[in-house]
Amino acid sequence: MSRPSVSALVICQDEERHIAECLESVAWCDEIVVVDSGSSDRTVELARKHATRVLERAWTGIADQKNFALAQATGDWVLNLDADERCTPALRDAARAAIASDPALAGFEVRRHAFYLDRWIDHGGWYPDWKLRLFRRGRGRFLARGPHDRVAAEGPVARLDAELVHLTYGDFAEHLRTAQRFSDVVAAEWAESGRRFSLARALAHPPAKFLECWVWKQGFRDGWPGFVIAATSAFYVFAKHVKLREKTRGR
């Protein structure tokens with residue numbers, strides 16, 4: 001029997017800092033499909049040195065963009081990565097072994113381990129960050145969930161004892177920019193669904209989020225970076241409520 005083939009999928013925009021190392025980490029895959037949504041830097045140039053195919057397509061939303069990339073894949077299995085992620089050798093070996101046995105599974109979750117502010121983040125809700133990233137083509141598709149995406153698998157899913165590295169925000173300013181961008185998306189979705197601003201929620205949710213990250217999920221064990229994550233998470237929650245109020249004041 002032939003070995004099951006694997007297609008790696010990466011969507012990106014302005015990721016010249018990350019794209020080469022990301023694609024090098026999945027060089028073991030039989031196919032690498034990259035979909036770029038209008039980069040103004042060297043992302044496409046660098047991607048073409050490593051990928052099987054590089055397609056350029058206007059941004060249509062995270063789930064739609066990834067489903068477009070998925071439609072281009074030809075492998076039996078699909079490994080989905082973001083440009084700031086790396087497939088570790090351990091994950092490569094675990095993935096190969098898992099799919100070689102031809103399991104009656106739709107996919108596998110992996111642990112995503114983030115590196116931020118010069119250290120690995122092991123607490124605060126950031127680890128272990130289980131993500132369904134390896135799935136059988138034809139038995140999974142991408143769905144949007146706020147500013148994020150997730151894979152909806154048709155069938156049972158197991159977990160691999162291996163990690164996916166996430167080289168998250170380069171600095172605090174990038175962290176804040178992402179919080180601002182994501183809160184815009186969520187607030188717009190809330191307003192469109194008819195959700196009303198609540199002063200009680202706006203007052204209670206941010207400190208509750210800080211305590212969840214810092215105390216309950218033990219972010220304090222990650223030192224200063226853990227505090228930054230907890231505080232920024234609280235700000236993100238606060239920003240969503242403020243922006244909801246701005247969008248719905250006229251109602």
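Buried here means under 20% relative accessible area, exposed means over 50%, and partly exposed is anything in between (1.4 Å probe, protein chains only). The views come from a predicted model, where local features need pLDDT of at least 70, side-chain atom pairs count only at pLDDT 80 or more, and totals for chains, interfaces and linings use all residues. Residues are numbered from 1 along each chain as its sequence is written, and side-chain values use heavy atoms, with hydrogens and water left out.

**View 1. Helix H3, tucked in.** Helices (H or I, at least four residues) and strands (E, at least two) are DSSP runs, numbered from the N terminus. H3 covers residues 62-72, and eight of its 11 residues are buried, so the rest of the structure largely encloses this helix. Among the buried ones are Ile62, Ala63, Leu70 and also Lys66.

**View 2. H5 meets H7.** The axes of H5 (residues 172-192) and H7 (residues 223-248) come within 8 Å and cross at roughly 35 degrees. Those axes are lines fitted to C-alpha atoms over the stretch in contact, with angles running from 0 to 180 degrees between N-to-C directions. The crossing is right-handed, in the sense that the near helix is turned clockwise from the far one by less than a right angle.

**View 3. Ser183 in H5.** Ser183 sits in helix H5 and, at 0% relative accessibility, counts as buried. Skipping neighbours within four places in sequence, Ser183 is in contact (heavy atoms within 4.5 Å) with Tyr236, Ala239, Lys240 and Lys243.

**View 4. Lys243 and Asp184.** These two form a salt bridge, with the closest N and O atoms 2.8 Å apart. The rule asks for a side-chain nitrogen of Lys or Arg within 4 Å of a carboxyl oxygen of Asp or Glu. Lys243 in H7 and Asp184 in H5 are 59 residues apart, so the pair links distant parts of the chain. Lys243 is buried at 12% relative accessibility, while Asp184 is partly exposed at 39%.

**View 5. Arg119 and Asp222.** Here is another salt bridge, with its closest N and O atoms 3.3 Å apart. Arg119 lies in strand E7 (residues 119-120) and Asp222 in the loop between H6 (199-216) and H7, so the pair ties together parts 103 residues apart in sequence. Arg119 is partly exposed at 28%, whereas Asp222 is buried at 0%.

**View 6. Lys217 and Glu212.** Their side chains meet in a salt bridge at 2.9 Å, N to O. Both are partly exposed: Lys217 at 33% relative accessibility and Glu212 at 22%.
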